[in-house]
Every structure is written in C-alpha cells, then in structure tokens.
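Let's take a friendly walk through a structure with two chains in view. Have the sequence and the 3D picture ready as you read.

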Number of protein chains: 2
Amino acid sequence: MRGEIIAIGDELTTGRILNTTSFFAASQLFAAGHEVIAMTTIGDEVELIGETIRQALARADFIIVTGGLGPTTDDLTNRAVSEALARPATFYPEISRKIAAHGTNNTAEVQSALEKLAWLPAGAHALHSEARTAGYFLVQDGKPVFFLPGVPHEMKELLVETVLTRLAVWEGEEGRQVRQKVYKVVGLAESEINNKLEHLEDPAHGVRIGYYPVFPEVHVSLTVAGDGEASIEERFGDCDTAIVEILGRAIYGCGNDSLEGVVGRLLGWQGKTLAVAESCSGGLLAHKMTKVSGSSAYFLGGVVAYSNELKERLLGVPSAILAQYGAVSGETARAMADGIRRVTGAGLGVSITGIAGPGGGGEAKPVGTVYLALATAAGTDDHLVHLAGDRWQIQEHASQIALDLVRRSLLDSEREAV
Amino acid sequence: MRGEIIAIGDELTTGRILNTTSFFAASQLFAAGHEVIAMTTIGDEVELIGETIRQALARADFIIVTGGLGPTTDDLTNRAVSEALARPATFYPEISRKIAAHGTNNTAEVQSALEKLAWLPAGAHALHSEARTAGYFLVQDGKPVFFLPGVPHEMKELLVETVLTRLAVWEGEEGRQVRQKVYKVVGLAESEINNKLEHLEDPAHGVRIGYYPVFPEVHVSLTVAGDGEASIEERFGDCDTAIVEILGRAIYGCGNDSLEGVVGRLLGWQGKTLAVAESCSGGLLAHKMTKVSGSSAYFLGGVVAYSNELKERLLGVPSAILAQYGAVSGETARAMADGIRRVTGAGLGVSITGIAGPGGGGEAKPVGTVYLALATAAGTDDHLVHLAGDRWQIQEHASQIALDLVRRSLLDSEREAV
C-alpha cells in the first residue's frame, strides 16, 4: 500500500526537535512492504493541518498523522480533523472513564486538562485499549487514517503494536503475502554484511534485504513478498537459513531483542551473576543492564570509578599497577574486572577503562583508546579497541563491546556444557 | 519570510536515512527570523517533485529543495524542475569548465558523468562560485527557490554561506521581525505550566507560547513576531520577565542547556564535587553526569548497589537499617547518600532507592515508590516521591529528580554565599 506520514508540531518546523518519528514510521512501513509517497511536517495550524490531510487522502491508501493530540491549547490536531473532515468533536465516556481510572493521583486541575483527551472527531476508535496513551484511527473515503502521539516512545509503541498489524490485515484483503524478519548484528560493519549477503538479494522474485545501521549495531531485514503463501514460505526459509549460517554469532538476536536483554536471558538460563566496573563509560553499562525488567535476578551492581583513588578504594586496583601502567591499560582493566568480581561475589566481572574525549587524549593513547576485561572463574582476559566518533559514540560503543564479550563468553560455556 | 523545505530521495522515504538536513535548515531559518510552513520529504519521482514545488510556490515566500542533484540516474530533481517550471535544460559552459578544472584526476567515465552537473534548468545561477558542490537558485514568480545537494555537510555549508545571506537581503525589504526563547522546566506538568502562562498568550499581537513535553521535562517557547523592532523588543522583554517570575526555579535553563550540564556548571563554579549511589536507577544518574564533557573535574564516581549486600559492603549502609526499614526507605536512602559521600570524599552525595517495576511492588510500596537523599556538609535530607509510568520512565524521572535536588541545593548555597 502507498501511504503518507504527516508530523505536526511547531517544535519540528522551528528546528528545535529533530523529527525521528516519521523516520521510524518510514523504516517500519518499508520493512513491512509498504511505500511512503510523502512525509510532511507542519506546525500547529488548524487550516494547514486540514489541508495537508485532505491532500494526502487524495493520493494515498493510508495516512499516519503524529503529534498535536495532547491536552494543551497548542494541540490542535483534533480540531483540525473535525473541521476538515466534517466530524464534530464527540465525547467518548469510555475513554474519559479509563483516563480517570489510571490518573487517581492527579490533581483536579490536571484531571480537567486530561478530560480534553476524551473529545475526539466523530467516528474515531481509540488505538490503545486502556487509553494510557492518546491515539485513534478513523476510516475516511475507505482509507485508514491513524492519529498517534508525537512523543517518540508512545508513537513507536502504538505504531508497531496497532498500526502495522491493522495495515497488515488491510493488505491481506488484497491477497498479497509478506514475510519479514529482522536480524540484529553486532561487531560487523554495514558494508561487510552487505558483501556477505548481497548474493541472496533477488528483488525480481520478491526477496529484499535491507541494511540499517543503528549505531553501534546493524539491523538486517529480510523481506519476502509474493502472491502464494507456499512459495513465500520456501524462499523465506532458504534465505533465513543462509543468513543465520553466514553471519553466525554476529547475530545476537531478532525482532525486539536487545543485546542487554539477550545477555540477561543467558545469565538467567545459566544461573550466573554479573557485576561491572566502569571508568570512561561512566555508568552506561550498568544502566543498560538495569533497563531490563527483572535484571536484579542476575545483575548485582557496579562501580563507576572515574578517579584512580576510587579505583583503588572501591575496586582494590593496586596502586603499583596504576603507577606503572596508567589508568588506561590492559593491566588496570584486568584488575578492575577482578576487583568488581571479588567485591560483589559475581560469577562474571566486566570492566571498561579508556578515553572517551574530547579531552584527555595523547599521542600514545588517543581519544577512543579503550581497554576492556572480562573476569570469570576460568580466568581474566583484556581487550584493546580503538573507537571512532564523539564522546557519546565512544561510550555507547565501548559498553556494547563489553556486553558482547559477556554474551560470547556465556555462549562458549553453553557449548562446553553440552 | 515564510518558506518551505523540500527534501528529495528514496533513501529518506524508505526510512533508510534519517533526514537531518531539513531539521538543520529549519533551525537555521528559525534562528534567522523566518517561519517554515511545511517540510516535505518525497522520493525520486519526477511528477511528484514538480507537483510539490508548484504547491510550495503557491503558499511560500521562498523554497529550499535538497537532494537529487547528483550525476547518477536516480537524481531527477533537475529534470522535474525543467518540466514543472517550463525551464528547458540548458548547458552552462562556465560550470563545465570549472568542474573539469578541479577534476583533473578523474577518469573519463567519471568526467562524463560529472558533465551532467553543467546542465541546469534555464535561468539557474550556481550557488558555489567554484562549482565544487552542486547547488543553484532561480527566481520563480518573484520568489527565490534554492536547490542544494542532499549530502549533509555540503548542504549545510551552502545553506549557511549562501542561502541565509541571500534571504537576509530579501527579508530586509519586508522588515518582519521575530524574537524567540526556549525555557527548560523541571518539576511542573505541561498542563500546570499552561495554566500559569495562558494569560500571557496573545496570538493577535504576535505573542505565542508553546508547550513541549520532553519527558520528564517540559520545554516552553516564547515567540514574539511583528513589524517593528522596537515594539517586538518591548513585548518580548515583558513576557520574558513574566515567565521567569512565574516559573522561577522550575526553569533550569534555556536553549541548549541540559539539566546535567547545568548541575555540572554549578559544581564547577562552586568548586564542589559529586558522587552518586544508585539502586533502582541502575547507573542512569552516573551515566547522565558523565555524558557531559569534562565531567571528571567534578564527578568522582558512583556505586550501583542493587542487592542489600552491596549496599552494606560498598556504601556502608548498616544492616540494622536495612533490616528495620527495608531497602526502599528514607533511612536507607540517607545511609546510601552518607555512605557514597564518605567513601568518595565528595562534597555532595546523592542517592536513589525505589521500585522501578514492573515487578517488586507491594501494597505498602507500589511500583513507582522512590526515596532520594542528598548529603552535604550541612546535613542529609530524604525525599519520597510516587512516580508514574513504565520502568524506563521511573528510572528517567527518578534520576532527573536527583539532579534537580543537587541543582536546588547548589542554588541555595549560591544565595547564602552572596
């Protein structure tokens, strides 16, 4: 199907906020086999919103509108839709009831502002069954029009969970079949992966492979489309097997997997625990591990030791090692990993020490020089990497490498256990 | 002036590349006092390109088009312009000569492809005097239309160096002025702020206030537009004073300020140091502090202590306190803050302990129950908050409240010092 994406908000047209929601929608729609005709961003202006939606209706099979659904006076999307599509604002008691139910702690003032969210253009259907996030859809001229919040994480959740599934059904009525899978790859560059998989691409027979760098990972999508389910299944199975064989352990997961989630799952399965010692990554590694629900079962904790003094005091790094090799060295990384494992009693200890920049680099150890170490019952290894990019990229990349060290070590012990 | 931005490229509508050039253009145009009506992104389709440009000409004072100017077969912008605006492709010998002059190392094949860059729609003027990058402008219906490369760094250079300067001259003839400021607010909900500031809104006289929730903060923008500089300045000054007075300390900064950056600046000015002890926020607070370049000057480090054992061992929380009050309590929060301050020797110690969920909540302490404590030379205080949302939101919100506790304490000591 051919669709249009419309993003609404003065914060976007004034360049204050980078519009990532339209980008996310476009990549998801593309992966699902749809085509995006146009992505339009406009400010909070009633007439312009209406005009843009009417224009999109004239040429698209479906429309996704994001933003302007909130309770404040500058949220004008609903008014614009009511006027442009002659759908008078209608009170939805069911939505009002649900908003009240999960907002019992709100002040009367906040509650009265939220009441606005229960007034929608006539014919609207709420997208979130519990009305925890704004968002609805309606059918205009036989075409589905989705209205999603502009807040990125709410928009993304509703897009993936409700919009794509509804569109897939719409698509299904036309008889076109699509199968799709996303592989999450760590430790290989986009172009390396492209070289390895290029020979599998066969657009003439509906086999498409997409490469999406999501720093510091690469996501690879396999899409197989066609008219008959049987032929799709066979081609999809062949390609899937080939990709898994070619990329091997570089694939850490699929779909909604995250690297920290996969590491947590492996730790849980093996009944092991992890603790982390961080210098230049400044807590990012601990933060990633604890983003995962239930991580307290296998993640014991960590130490962020910026100064040498804290490395000695909290991790027991010998001052002789710091003096002889410096804080950024394989020796210090190993002593940090050993130290956090000893202090916490964790099965695995992982450490990061390096220079995230922009200051602090020298000729021998430029910005991006990072040592990592992994300590297990079997011993302690250190690794030196040279990372490119700014401070954010170096911290992000270093913590990803640490997670991957843990993952590969756990995969090794799984193999040994068999 | 009111303008439109059009970005062209299949890589954008398929979600393979995030469109940062339109965002950059919007922010620069806004800063220069212009208004962007719409930002449209479309694929490499001749008819759609023409249609989009014609539509923009009907409502805008100027247009910026990016992308599709290169030498390959999928670069179709020039053809679309020639057809849509009836400006036949014309050979520009001067551009051809310059391309040849700085491409002496090119193969014949490359050189012949580059020749395509010397064919532009009739009436075009090259933007780069040395033709090192594609890019031209033409005047259609008395309005300037700029065509820039899609490659971000080339586009940005030409935008700043040629487009903005040309528009400034155009603008000068019309004399419309805009002043704008963004306030970053912490600790107040969007609707509360809206209620407090609503009476200042006066769109009829060019005074607009925008409310943008960027969880867990709210950004408030004040925009004043009008014809005379003097009257704008006065209205802008009055509104600015009123907003600062009404919101007070809830405003932590303006423009590009971040809360962790402001806290870092205050610590630096006062020559103080900070260390953090985290339980449910799992390292996010340390990560936020260390995202800031140069944070090693005032941030000593932190401990992520998920288990009671680590709270005792690394932070010296007495086991009697944990036994009597539990890990999620004001007493434990205070002992954690005191502990991290003592262990690291930092001037300020801040702690977070709570239930981020989704598991672990009970009737007395449901998910979202969070205790924070701040320890300084003056003593230690704890704070209980009940936070809504999912795990991510609770961690994010808790670490923001911790940063804000530190900020307000530093502002207090600043006031005392005066």
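## Where the chains meet

Chain A gives 60 residues to the contact and chain B gives 61 residues, where two residues are in contact if their C-beta atoms, placed from the backbone, lie within 7 Å. This is a predicted model, in which local features need pLDDT of at least 70 and side-chain atom pairs count only at pLDDT 80 or more, while totals for chains, interfaces and linings use all residues. Residues are numbered from 1 along each chain as its sequence is written, and chains are lettered from A and ligands numbered from 1 in the order in which they are written.

On the side of chain A that touches chain B, the largest share, seven residues, comes from strand E14 (residues 299-305) of chain A. Strands (E, at least two residues) are DSSP runs, numbered from the N terminus. That side of chain A has 27 nonpolar residues, 25 polar and eight charged. Here Ala, Val, Leu, Ile, Met, Phe, Trp, Tyr, Cys and Pro count as nonpolar, Asp, Glu, Lys and Arg as charged, and the others, Gly among them, as polar.

## A pairing across the chains

E14(A) pairs with strand E14 (residues 299-305) of chain B in the antiparallel sense, over five bridges; strands pair if DSSP finds at least two bridges between them. Opposite A:Val304 stands B:Gly302 in E14(B).

## A covered strand in chain A

In strand E15 (residues 348-354) of chain A, seven of seven residues are buried, meaning that 20 or more other C-beta atoms, placed from the backbone, lie within 10 Å of a residue's own. A:Leu348, A:Val350, A:Ile352 and A:Gly354 point one way, and A:Gly349, A:Ser351 and A:Thr353 the other way.

E15(A) runs parallel to strand E13 (residues 274-278) of chain A, joined by five bridges, with A:Ile352 as the partner of A:Glu278. E15(A) also pairs with strand E16 (residues 369-376) of chain A, antiparallel over six bridges, and there A:Thr353 has A:Tyr371 as its bridge partner.

Conventions. Helix = DSSP H or I, 4+ residues; strand = E, 2+ residues; numbered from the N terminus. Buried ≥ 20, exposed ≤ 12 C-beta atoms within 10 Å, placed from the backbone.
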